[in-house]
Amino acid sequence: MIRKIAFVEPNTKIPNFYSFIATPRLGVPILASILKSKGYEVDVYSDKIRKPPPKELLQYDLLGISSLTNSSIEGYRYADFLKRHNKTVIIGGPHATFVPEESLAHCDYVVRGEAEETILELLDALNNGGSVENIKGISYKKNGTCVHNEDREFTDTFLNVSPDLSLVKGIEDFKKGFINKFTYTPMVYTSRGCPFNCRYCTVIKLAGRKLRYRDQDCCIEDVRAALEGIEVRKSIMIIDDNFTVDMKRAKELLHKIMKLGKPDYVLYNMQLRVESFKDEEFLALLNRAGFGLIHVGFESVSKESLAELGKKLGVEDIKFVVDQARKFGLKVNGLFIVGADSDSVKTIRDTVDLTMELDMAVMQLFILCPLPGSDVFNQLTSENRLFTRDWRYYDCHHSVFFPRTMKPSTLQREVIEANRRFYSHSRLLKKGSAGNRITCGMAVHSMEKFLKSYAEKLRRFEDRFYTKDEELITERLQENNARLLEA
Ligand code: B12
Ligand code: SF4
């Protein structure tokens, strides 16, 4: 009989931009809250908060592992250990959803996509000897063959469920820690889904195109809980993929957040699309509600690359956003992606020039990452351009495919250089330099050593795939076995 359940969220050991942000994703705490309400005894482990000694996990009847692509290998390590001790193991989350067969080599069941309903049906079947054949959204093995049941429809079960973060083992002690006090970053979400279709993103496949909105009171309760006990300068992240699809609701929520009140040293941040900056009433509300940094996915300064990535923007939009933000006392974190087929070394340099010229508070320059499930992944796989399947490097910081007009190591080194320029010590020390820039600068500098040594690894095998002008020789791609990095 399964009564005692633990979820584990592994973390990657390779540092990324977010290594300083210590917070569990919300998916597993949501599932844990639902299971607890049904009478199960549930704990959540997050490596970022408290990495469990593997033996501690053996006390549970069933374990659920949640991984992103870059933490999947660490997740498999947990799963293999638990399987060696004959535990029932389920793997779910964004990575397993798109590579269920790979994940099934390490566990009993894979839950694909949203799991609020699936997990209850699966536990019911396991506890009562029922069949799993009709449970939508799961994959499992039958006589050594992988069976993928039909996909599950998007659910509404989560609309008034709050993720109970007290179920995360060690979280209260963690939050009091000298440094953790600063790095623990509460997250709140108010909706799921996104109507857009960026080619590098998997959100619409994970959460759907149609927006599903959580109950507003529930969201505000979550913000209130996030504010509790904060004593130091801190950001609270509103993590909706698209907060402003329903602008009326967005404004209502901001009014309610404003009414909660908050200490001055706490600021909210969220991600917004460029269109939202046209609504000045909204921007004024953001400022009054206490928002500081706004993350904006500009993605590129090149029209061709934008078209390739599925975005309809231009440099004028970037300037417009920065001006509007400044007018309303908000800071901009410009998110850019480089490495698309139309990108050249010049595009990368132009990007950092523009961000510096506009004096953006923060810049995040990502390398195009073919996340399993995305159109970009499917395209690059079909063109045999992925040179590694070591998922640890699929974190938007490492070059994992052959770009068209520069070698992978050139892409890698140009990004390192761009970051060095944007986060140069003189710019970090400049009077008035935003606190956010200093924090992000620390993250960038802490990654540099790893990224440089990665660039060196790329040089071991890339030359034969490029002309002396660094044009990709596509005919040579037949020599690529997608394991070149590992060789
Ligand atoms: C908030 C967020 C962040 C935050 C915090 C993340 C964190 N703590 O790791 C920040 C900004 C730091 C961040 C960083 C990154 N993120 Co992020 N992030 C998100 C976002 C917007 C929300 C995550 C969330 O809480 N979702 C809400 C819950 C409800 O969804 P969920 O976690 O997927 O859980 C559901 C199911 O997947 C399933 N499930 C999940 N786990 C399990 C386990 C079991 C056992 C079962 C049965 C089911 C199950 O059930 C849940 C309920 O239905 C998602 C997009 C999204 N909409 O999900 C991207 C997303 C998770 N991030 C993504 C990526 C790529 C990254 C980065 C690598 C790079 C980047 N540029 O953003 C870094 C890596 C960070 C790291 N940990 O190493 C990708 C992951 C894709 C993938 N295949 O790995 C996503 C999906 C966005 C995308 N572009 O497609 N991220
Ligand atoms: S990148 Fe953002 S806007 Fe584009 S599809 Fe993903 S969630 Fe939607």
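**Ligand surroundings and the parallel sheet**

In this predicted model, the shell around ligand 1 is drawn from two domains, with at least three residues coming from each of domain 1 (4–148) and domain 2 (179–479). Of the 45 residues around ligand 1, those that come nearest are Gly27, Gly64, Ser66, Leu68 and Gly92. Several secondary-structure elements each supply at least two residues of this shell, namely α1 (27–37), β3 (62–66), β4 (88–92), α3 (94–98), α5 (116–128) and α8 (203–207). The most is given by α1, with four residues. By class, the shell around ligand 1 comprises 27 nonpolar, 13 polar and five charged residues.

An open sheet is formed by six strands with parallel pairing, in the order β8-β11-β12-β13-β14-β15. Its edges are β8 (187–188) and β15 (362–367), each of which pairs on one side only. Strand β14 (residues 331–338) runs parallel to β15 and is joined to β15 by six bridges; Phe336 stands opposite Leu365 in β15.

Two helices lie across this part of the sheet. Helix α14 (residues 345–357) lies across β14 and β15, and runs at about 180 degrees to β14. Helix α18 (residues 435–459) lies across β13 (291–299), β14 and β15, running at about 30 degrees to β15.

How values were computed. Residues numbered from 1 in each chain as written. Chains lettered and ligands numbered in written order. Predicted model: local features only at pLDDT ≥ 70, side-chain atom pairs only at ≥ 80, totals over all residues. Near = placed C-beta within 6 Å. Nonpolar A, V, L, I, M, F, W, Y, C, P; charged D, E, K, R; others polar. Domains from an automatic or database assignment. Pairing = 2+ DSSP bridges. Contact = placed C-beta atoms within 7 Å. Axes fitted to C-alpha atoms, helices over the stretch in contact; angles between N-to-C directions.
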